[in-house]
Amino acid sequence: MINVAVIGTGAISSRHLQAYLTFAQECTIKRVADIDLAKAEKSISENQLDAMASDDYKTIIEDRSIDLVSICTPPSTHAEIAIACLEAGKHVLVEKPMAASLEDCDKMIAAAQENGRLLSVVAQNRFQSSWMKLKKLLDEQAAGRVLHAQINSYWWRGLSYYDLWWRGTWESEGGGCTLNHAVHHIDALQWMMGLPTEVHAMMSNVAHQNAEVEDISMALLRFESGALGQITSSVVHHGQEQQLVFQCERGKLSAPWDLYGSIAKENGFPQRDAQLESEIQEAYDSQDEVSYEGHTGQIENVLSAIAGQSELLVTGEEGRRTLELITAIYASASRGIRVDLPLDSDDPFYTKRGLLESVPHFYEKSASVKDFEANEITTKGNY
Ligand SMILES: NC(=O)c1ccc[n+]([C@@H]2O[C@H](COP(=O)([O-])OP(=O)(O)OC[C@H]3O[C@@H](n4cnc5c(N)ncnc54)[C@H](O)[C@@H]3O)[C@@H](O)[C@H]2O)c1
C-alpha cells in the first residue's frame with residue numbers, strides 16, 4: 001500500500017484526491033496540509049478522507065510512513081517543497097508548472113536522482129485518447145514528416161482572475177499565460193516533436209491592467225529537422241478554441257482530431273487524398289482508448305511506476321524541457337532577439353532572479369483576494 005499526502009488543498013487538489021481515491025487498492029491518503037488549516041480540514045470532509053490535516057507541510061516531511069506527495073501549491077513554492085520531500089525519501093508528483101526557473105528544475109531533478117525517488121510533473125492532458133493517438137501517428141510518420149506545427153493555446157480569463165493573491169506577479173505566479181495556461185500545449189508540442197532549436201517571440205499584456213505578467217505571447221520556432229512552428233499563448237481568446245495542428249508531408253493531423261490528406265495533381269494543385277485519410281483514420285480508430293483520463297490517468301501511471309510496473313510518462317526531465325521552451329519564449333520576448341536552445345546555465349533567464357530582473361512589468365497587481373467562492377477550475381480544452 002502506497003501512503004499518500006497532498007500539500008496545498010485549493011482548487012486543483014480535489015483532482016488529485018479523487019484520483020487517489022479511485023485507486024483505493026493501491027494507495028491511501030494519510031495526510032493533507034495547507035497553510036490555511038481550515039482549507040485542509042474542509043478538503044478532508046468534502047472528500048470523506050480518513051486523513052490528518054496540518055497547516056505546515058513539514059509534518060508530511062517528518063512522517064516516515066508517507067511514500068508519495070502531491071504538491072498542489074502555487075508555482076513559486078514547488079521547488080522548495082519538492083526538494084524537501086525528495087530529500088526525505090518521498091516520491092513526488094508536482095503540479096504544473098514544474099518550477100519558477102530552470103535552475104530550480106535542475107535542483108529538483110538532482111534531488112530525485114540522489115535520493116532514488118520518482119519525480120513526475122503534472123501534464124494531465126497527455127492522458128487522453130486523442131492526444132495519445134495523435135502522438136503515435138506522428139511518431140510513425142503516418143502522414144510523413146512534420147513540416148509545420150501550430151499550437152493555439154487559447155484561453156479567456158476576466159480581470160478578477162488575477163486578483164487571487166498569488167496570481168499576476170512574476171515573483172509568485174512565475175509568469176502569465178505562457179507559463180500557466182499554455183504549459184499544457186507547450187508540453188504536448190515538445191512531447192510530440194521535441195524541442196526547437198530557435199525561438200523568436202513577442203509578448204504583451206493587452207487586457208489585464210491588474211497584472212504584471214503577459215496575457216498574450218506569440219512565438220515562432222525552428223526545429224532541427226527544418227520544420228517551423230508557432231505557439232500562441234493567450235487568455236484573451238473568446239471561446240477558448242484550443243488546437244494542436246501538424247502539417248505533415250502528405251496530410252494534416254490535429255487535436256481536436258481532424259485529418260486532411262492531399263496529393264498533387266499533374267500541375268501541382270491539390271487533390272484530396274481519400275486513400276491516405278482512410279488508412280490514417282483506421283490506424284487512429286484501431287488504437288486503444290486510455291483507461292483513465294486526466295489527473296486520474298497520470299496518477300495511475302505514477303502509482304504503477306512506483307510499483308515498478310510501468311515507465312513514468314512525465315518525468316522531471318520532461319517537465320524541465322517544457323519549462324525550457326517557455327523560458328526561451330520569455331527571454332526572446334523580453335530581449336527582442338532570437339534565442340537558441342538549449343539555454344545555457346549562464347543565461348540570466350536560467351535563474352529566477354535573472355528572469356525577475358529581465359522581464360517587463362506590464363501593470364502593477366491591484367488587488368489580492370485570499371480565495372474565490374467559486375472554486376471552479378478548467379483543466380483542458382474540448383478534444
Ligand atoms: N493541471 C492543471 O490543469 C491545473 C489547473 C489549475 C491549477 N494548477 C496548478 O496547481 C497549483 C495550485 O493551483 P490552484 O488553482 O489549486 O491554487 P489555489 O490557490 O486554489 O490553491 C493553492 C493552495 O495552496 C496553499 N498553499 C500555498 N502555499 C502553501 C505552502 N507553502 N504550504 C502549504 N500550502 C500552501 C494555499 O493556501 C491554497 O489553498 C498551481 O501550480 C497551478 O498552476 C494546475
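This is a predicted model: local features need pLDDT of at least 70, side-chain atom pairs count only at pLDDT 80 or more; totals for chains, interfaces and linings use all residues.
Biologist: Is T322 buried or exposed?
Modeller: A residue counts as buried under 20% relative accessible area. T322 has a relative accessible area of 4%. With that value, T322 is buried.

Biologist: Which residues is T322 in contact with, leaving aside its neighbours within four places in sequence?
Modeller: Contact here means heavy atoms within 4.5 Å. With the neighbours within four places left aside, the contacts of T322 are V183, I186, D187 and Q190.

Biologist: At what angle do α5 and α11 pack?
Modeller: Two packed helices are described by the angle between their axes and the distance between the axes. Helix α5 covers residues 102-115, and its axis is 10 Å from that of α11. The angle between α5 and α11 is about 175°.

Biologist: How are α5 and α11 oriented to each other, roughly parallel or roughly antiparallel?
Modeller: An angle over 145 degrees counts as roughly antiparallel. The angle for α5 and α11 is about 175°. The two helices, α5 and α11, are therefore roughly antiparallel.

Biologist: How many charged residues are in the contact of α5 with α11?
Modeller: From α5 come L102, C105, D106, I109 and Q113, and they meet G316, E317, R320, L323, E324 and T327 in α11. By class, this contact has 4 nonpolar and 3 polar residues. The number of charged residues in the contact of α5 with α11 is 4.

Biologist: How is α4 oriented to α5, roughly parallel or roughly perpendicular?
Modeller: Helix α4 (residues 78-87) packs on α5 with the axes 9 Å apart and an angle of about 10°. Angles under 35 degrees count as roughly parallel. The orientation of α4 to α5 is therefore roughly parallel.

Biologist: How many nonpolar residues are in the contact of α4 with α5?
Modeller: The α4 side of the contact is H78, A79, A82, I83, L86 and E87, and the α5 side is D104, K107, M108, A111, A112 and N115. Of these residues, 2 are polar and 3 are charged. The nonpolar residues in the contact of α4 with α5 number 7.

Biologist: Is α1 roughly parallel or oblique to α10?
Modeller: Helix α1 (residues 13-22) packs against helix α10 (residues 294-306) at an angle of about 55°, with the axes 9 Å apart. Roughly parallel would need an angle under 35 degrees, and roughly perpendicular starts at 65. The angle therefore makes α1, relative to α10, oblique.

Biologist: Which residues of α10 make the contact with α1?
Modeller: The crossing of α1 past α10 is right-handed. On the α1 side, the contact is made by R15, H16, A19, Y20 and T22. On the α10 side, the residues are H295, T296, I299 and L303.

Biologist: Where is T315?
Modeller: T315 is partly exposed, with a relative accessible area of 21%. Beyond four places in sequence, T315 touches L119 and V121. The place of T315 is the loop between α10 and α11.

Biologist: How many residues apart are W170 and Y330?
Modeller: W170 and Y330 form an edge-to-face aromatic pair, 5.1 Å centre to centre, with 80° between the planes. W170 lies in the loop between β7 and α7, and Y330 lies in helix α11.

Biologist: What is the angle between the planes of Y161 and Y162?
Modeller: Y161 counts as buried at 16% relative accessibility, and Y162 counts as buried at 0%. Their rings are 5.1 Å apart, centre to centre, and the pair is edge-to-face. The angle between the planes of Y161 and Y162 is 90°.

Biologist: How many residues of α6 are buried?
Modeller: Helix α6 covers residues 129-139 and is mostly covered. Its buried residues include W131, L134 and L138, and the elements that cover them include β7, α8 and α9. Of the 11 residues of α6, the number buried is 8.

Note on methods:
Residues are numbered from 1 along each chain as its sequence is written. Side-chain values use heavy atoms; hydrogens and water are left out. Axes are lines fitted to C-alpha atoms, for helices over the stretch in contact, and angles run from 0 to 180 degrees between N-to-C directions. Helices (H or I, at least four residues) and strands (E, at least two) are DSSP runs, numbered from the N terminus. Angles under 35 degrees count as roughly parallel, over 145 as roughly antiparallel, 65 to 115 as roughly perpendicular and the rest as oblique. A crossing is left-handed if the near helix is turned anticlockwise from the far one by less than a right angle, and right-handed if clockwise. Rings of Phe, Tyr and Trp (its six-membered ring) pair if their centres lie within 6.5 Å; planes under 30 degrees apart count as stacked, over 60 as edge-to-face and the rest as tilted. Buried means under 20% relative accessible area, exposed over 50%, partly exposed in between (1.4 Å probe, protein chains only). Ala, Val, Leu, Ile, Met, Phe, Trp, Tyr, Cys and Pro count as nonpolar, Asp, Glu, Lys and Arg as charged, and the others, Gly among them, as polar.
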